[in-house]
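Here are my notes on this model, as numbered points. Please read them with the structure open.

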Amino acid sequence: MKTIAVISQKGGSGKTTIALHLAVASALANRNTAIIDLDPQASAAKWADRRPADLPVVLSAHASRLAHEMTRVADTGGELLFLDTAPHSDSAALEAAKASDLVLIPCRPAILDMEAITNTLDLVRTTKTPVFVVLNAVAAQGQEAQEAAEAIAALNVEVSPVRLVNRVAYARALITGQTAQEFEPEGKAARDIEDLHTFICAQLNKITSEGDQSYDQQIRQRA
Ligand SMILES: Nc1ncnc2c1ncn2[C@@H]1O[C@H](COP(=O)(O)OP(=O)(O)O)[C@@H](O)[C@H]1O
Ligand SMILES: [Mg+2]
């Protein structure tokens, strides 16, 4: 099982949106996929309550139970796990980053958001888990996204070449427990998510082929 944590100390950056959309992309690709919602606000878990489909499985947990819940997901055949995290909780974010194979930091292309990611980056870097910043809710046109990508890259962190544009489909879909790929399969949001999913899977494959231990073994050691 591989685990991806979506972390940002800033609320509203797109953690839940990205975790849910990538998890559905993974489930649609027939991978046994789960989400552990570590945010006490439980937005991902509430989304699952509204969701007609059974997959992905969404569990709600306190960070102190993370290792136990991860073992449970792995034991039930979980292949890909997403951790949705709370803002303003350093200890929980740290647990999530430590337990993961890859960290995604969503960031809006606005000065306050970009300033705030240095805190998140400092925290994640202490864990040595590979990390990518994903620019989220960028304008469809203009220089904004490129300028933001360059400013973030100057912090010595990798920026995902796939960015998510600001589109209503992301928020609309969640109302009915769906994601943009299900709500508007031919839409641009669906296409962006597919591209991000492909990129993330390629990164995970690279990381896995470099490691010599199976992911299940690693999780058992953590638990
Ligand atoms: N790419 C996007 N386009 C449009 N709205 C977005 C996008 N990403 C997030 N949002 C909206 O921004 C708000 C905050 O997103 P959310 O995923 O809940 O952030 P977080 O989990 O980091 O607090 C939500 O209303 C969500 O629908
Ligand atoms: Mg959230």
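1. In which sense do strands S1 and S4 pair, and over how many bridges? The model is predicted. In it, S1 (residues 2-6) and S4 pair in the parallel sense, with five bridges. One pairing to look at is Val 6, which stands opposite Asp 84 in S4.

2. S4 has another partner to check. Strand S2 (residues 33-37) runs parallel to S4, and five bridges join them. Here Asp 37 has Asp 84 of S4 as its bridge partner.

3. Now the burial of S4. Strand S4 covers residues 80-84, and five of the five are buried, so the strand is largely enclosed by the rest of the structure. Leu 80, Phe 82 and Asp 84 point one way from S4. Leu 81 and Leu 83 point the other way. In a regular strand, side chains alternate between the two faces of the sheet.

4. Helix H2 (residues 43-50) deserves a separate look. Its buried residues are Ala 44, Trp 47 and Ala 48. These cover an arc of only 100° around the axis, so they sit on the same side of H2. Asp 49 and Arg 50 are exposed on the other side of H2.

5. What do the buried residues of H2 pack against? The list is H1, S2, strand S3 (57-60), S4 and H7. S2 and S4 on that list are the parallel pair joined by five bridges.

6. Next, the ligand. There are 16 residues around ligand 1. Gly 14, Lys 15, Thr 16, Thr 17 and Ala 171 come nearest. Helix H1 (15-28) and helix H7 (168-175) each supply at least two residues of the shell. H1 gives the largest share, three residues. H1 and H7 are also among the elements that the buried residues of H2 pack against.

7. Which classes make up the shell around ligand 1? It has 10 polar, four nonpolar and two charged residues.

8. Finally, the overall fold. The protein chain has 10 helices and seven strands. Its radius of gyration is 16 Å; a compact globule of 223 residues would have one near 17 Å, so the two agree. The C-alpha trace spans about 45 × 40 × 35 Å along its principal axes. Buried residues account for 46% of the 223. Take the contacts between residues at least 6 apart in sequence: 75% of them join residues at least 24 apart.

Terms used: Residues numbered from 1 in each chain as written. Chains lettered and ligands numbered in written order. Predicted model: local features only at pLDDT ≥ 70, side-chain atom pairs only at ≥ 80, totals over all residues. Near = placed C-beta within 6 Å. Helix = DSSP H or I, 4+ residues; strand = E, 2+ residues; numbered from the N terminus. Nonpolar A, V, L, I, M, F, W, Y, C, P; charged D, E, K, R; others polar. Buried ≥ 20, exposed ≤ 12 C-beta atoms within 10 Å, placed from the backbone. Pairing = 2+ DSSP bridges. Rg over C-alpha atoms; globule rule 2.2 N^0.38 Å. Contact = placed C-beta atoms within 7 Å. Arc of directions from axis to C-beta.
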